[in-house]
Amino acid sequence: GHSSSRLVLKRNSINANRRRAQVEIEIRDLTTAEKALAGAVAGRALSDNPTFRWIAGDDNIARVGGAMDLFAGFVAGHLDPQVGAFLGDHVVGVCGSAAPGMCIGDVAPEELRTPPETIGAPGDGSREHFVWSLLCTKDLDERHWHLGPVSVEPLLQGEGIGAKMLTIFCQRMDNAGEIVWLETDKPDNVIFYSRHGFVVAEEVVAPTSGEQFTTWFMRRDPR
């Protein structure tokens, strides 16, 4: 009996090792069908960031649902290629980018380009409106690619997945001689992007009164 159970255990461990060998992180371009899934990863990863908390407050369902809806549509609308990370068949990371002429400063409707007259409580539509107006105001006038979202499944962060995706993207930008622009709202992200050649162009604390959040706008010139 013991020998047969040992055999089963050994066989299971071999199968587990084989599965682990097969389940490596793969970085490749997203297919059209995978883009919305990648956007949902970004929504989960970014929904707890300072900007989303400022917009939606502490209601987790509203905040996470809103972030997933936003980024699923956002990434799905980006032109190919878009870089993704995969664990087996599953999308676990995205390095999205808007091509020149396709970023927020170019495509935002006119009514979102100026800030609202008053800012309501968390969850009020005026807060999202304010953020869009800020991004439009600070968008780079020069030809550029607008990076984002760059996100990894929360439980897989810290494994170097984001860095691998961003390295591929930056190599493409260098080969094409393109400028890249981004915004981020966490100091740790500023350090992360700095390692890949981005420099802070401006740090903005907004709005001018009440509860505030900080946005760092960063630029990367081709190497």
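How far apart are the mean positions of the positive and negative charges of the chain? The 22 positive and 30 negative charges have mean positions 14 Å apart. Here Lys and Arg count as positive and Asp and Glu as negative, with His and the chain ends not counted; each charge is placed at NZ of Lys, CZ of Arg, CG of Asp or CD of Glu.

A quick word on the ground rules. This is a predicted model, where local features need pLDDT of at least 70, side-chain atom pairs count only at pLDDT 80 or more, and totals for chains, interfaces and linings use all residues. Residues are numbered from 1 along each chain as its sequence is written, and side-chain values use heavy atoms, leaving out hydrogens and water.

Now the overall build. You're looking at 8 helices and 7 strands, taken as DSSP runs (H or I, at least four residues, for helices; E, at least two, for strands) numbered from the N terminus. The C-alpha trace spans about 75 × 45 × 30 Å along its principal axes. Of the chain's 223 residues, 43% are buried (under 20% relative accessible area, 1.4 Å probe, protein chains only). Accessible surface comes to about 12100 Å², with 53% of that from carbon and sulfur atoms (Shrake-Rupley method, 1.4 Å probe). As for contacts (heavy atoms within 4.5 Å), residues 24 or more positions apart make up 71% of those with a separation of 6 or more.

| Cis bond | Omega | Loop holding the proline |
|---|---|---|
| D80 to P81 | near 0 degrees | P81: between α4 (60-77) and β2 (83-87) |
| A206 to P207 | near -10 degrees | P207: between β6 (199-206) and β7 (213-220) |

Terms used
Buried means under 20% relative accessible area, exposed over 50%, partly exposed in between (1.4 Å probe, protein chains only).
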